[in-house]
Amino acid sequence: MKETTCALILAAGKGTRMYCETRPKVMLELLGEPMLWYVYKALAPVFHTRLHTVVGFQAEVIGDTFHDHLERMIIQEQQLGTGHALQVAWDSLKKAGYTHCLVINGDTPLISTETIEHMLETAQREEADLAFATITPEGPNAFGRVLRDKDGNVSAIVEKKDYDPATHGPEPAEVNAGIYLLRMDTIEPLLGWLSNANKSKEYYITDLVEFAIADKLKVHAVECGNDVSLMGVNNPAELVEAEEVLRARIIADYQAQGVIIRSPSSVRIGPRANIKPGVEISGPCEIYGETCIGSEAKVEAFTSIFETWISERSTIHPFSHLDQAVVGHDCSVGPYARLRVGAVMEDEAKVGNFVEMKKAVLGAGSKASHLTYLGDAEIGAGVNIGAGTITCNYDGVNKHRTTIKDGAFIGSNTALVAPVTVGANALVGAGSTITKDVEANGMAIARGKQISLRRKR
Ligand code: UD1
Ligand code: CA
């Protein structure tokens with residue numbers, strides 16, 4: 001059965017309760033990754049390429065981010081409800097020859113592979129035509145209410161908006177988690193029964209429960225208690241709550257692996273990071289994207305690191321920002337340093353306070369200790385870059401490169417007007433504006449001569 005079971009993620013909705021106009025709800029991020037990323041991650045080990053997605057509101061944003069899934073995205077032009085999303089996808093799933101379909105709301109980023117497998121196993125064991133997961137969360141919530149008859153058998157799911165105690169009785173604690181396993185041949189005839197005659201004027205997938213029972217099909221509720229992995233994200237508070245669950249899990253995992261994390265409640269590490277045992281991290285800080293941090297490296301407080309490689313024993317001092325950079329071993333960065341895309345520090349290099357690097361290599365053992373901009377530059381090994389050095393890489397139209405060879409010494413407050421090369425072991429006098437190449441072992445001073453006069457009184 002597994003090989004002929006597909007998954008369908010419902011991700012077409014706008015997420016009105018999120019008040020976000022620029023992205024679909026499933027693209028809002030938790031620890032630097034879109035909500036949908038987590039759903040794909042949990043489902044991929046079970047469904048591989050049998051993983052389909054219904055998209056609609058700003059579908060192109062989802063397609064651009066998840067290229068691997070683009071081929072299996074189905075467009076729901078108008079979002080008329082979860083039942084309608086299923087109707088729209090149905091034919092293509094049927095044509096693909098699937099016998100069963102697991103439908104899951106795209107706004108469940110905490111979902112785990114184990115919960116999905118549990119769902120599939122239970123549904124198979126029960127030979128259910130329709131199985132769905134239920135939870136019993138604490139406190140009031142907006143989930144669909146699960147109705148049971150006096151024998152305890154499920155009779156329907158009633159959405160909160162449509163729930164009327166006068167007709168339905170006292171509100172049950174058990175609610176619908178938004179994951180369904182459908183046997184396609186027996187459920188198919190029921191799709192045509194869906195209507196939007198309800199408070200939301202939407203076609204509800206949840207109505208299939210009542211229809212299946214009326215059609216004498218086997219319906220089974222997979223009771224999952226208060227399994228947090230089934231939490232739905234519908235508003236900003238729930239987004240942050242789900243993110244906090246993920247955050248705490250990741251921190252606990254790293255602590256168990258031997259990473260020292262100080263002020264752990266303020267450290268945010270994304271799920272794609274790879275941090276080696278023996279690393280020390282102090283909060284508050286955030287480490288997102290595919291960031292790798294080698295053993296005994298230190299990340300101090302108030303740093304923000306994205307998609308960056310940091311080798312062994314390097315230290316990132318407070319208030320530094322690293323974005324798509326590479327830091328060799330035994331380097332020192334910051335405090336207050338900014339390494340932008342393409343910044344590469346070779347081993348034992350140092351970048352101090354208020355230094356910015358972009359598309360620039362700082363060679364092994366080289367230092368730029370204070371107040372410097374290095375952009376579109378190649379700097380060799382053992383170079384000293386004085387305080388206030390600027391590579392003037394932009395002429396208003398094009399970017400140009402600066403090359404500084406091994407062992408050169410750049411005096412403080414130097415402007416290097418690119419394209420320009422400073423040869424190996426050359427010296428540039430402080431305050432120079434260098435517009436011509438400097439030879440190896442040469443010395444260049446390019447500043448107004450000092451004149452000394454007697455002061456007039
Ligand atoms: C839904 C269930 C509710 C359940 C809850 C669990 C229905 C009618 N209700 O409510 O019983 O307790 O999930 O979290 O299904 N979507 C589409 N196309 C649409 C509408 C929605 O793809 O036309 C997608 C959304 O992007 C979202 C998912 O379906 O990812 C669920 O939609 P949402 O509006 O969040 O449903 P809930 O009100 O949470
Ligand atoms: Ca929802």
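How many bridges join strand β8 to strand β9? Keep that in mind as we walk through this predicted model.

**Stop 1: a pair of strands**

Select residues 145-148, which make up β8, and residues 154-158, which make up β9. The two strands run antiparallel, and 4 bridges join them. For one example, click on R148: its bridge partner in β9 is V154. Next, look at the turn. β8 and β9 form a hairpin, with 5 residues between the strands. Pick out G152 in this turn, where phi is positive, at about 90°.

**Stop 2: the calcium ion**

Now select ligand 2, the calcium ion, and show the side chains of D107 and N234. These two residues coordinate the ion, D107 through OD and N234 through OD1, at 2.2 to 2.3 Å. D107 sits in the loop between β6 (100-105) and α5 (113-125), while N234 sits in the loop between β11 (219-223) and α9 (236-256), so the pair ties together parts that are 127 residues apart in sequence.

Are these residues buried or exposed? Buried means under 20% relative accessible area. D107 has 12% and is buried, and N234, at 18%, counts as buried too.

**Stop 3**

Zoom in on L371, which you will find in strand β28 (residues 367-379). L371 has a relative accessible area of 48%, so this residue is partly exposed.

Technical notes: Residues are numbered from 1 along each chain as its sequence is written. Chains are lettered from A and ligands numbered from 1 in the order in which they are written. This is a predicted model: local features need pLDDT of at least 70, side-chain atom pairs count only at pLDDT 80 or more; totals for chains, interfaces and linings use all residues. Side-chain values use heavy atoms; hydrogens and water are left out. Donors are N, O and S atoms within 2.8 Å of the metal (3.2 Å for Na, K and Ca); water is not among the atoms, so sites may look incomplete. Buried means under 20% relative accessible area, exposed over 50%, partly exposed in between (1.4 Å probe, protein chains only). Two strands pair if DSSP finds at least two bridges between them.
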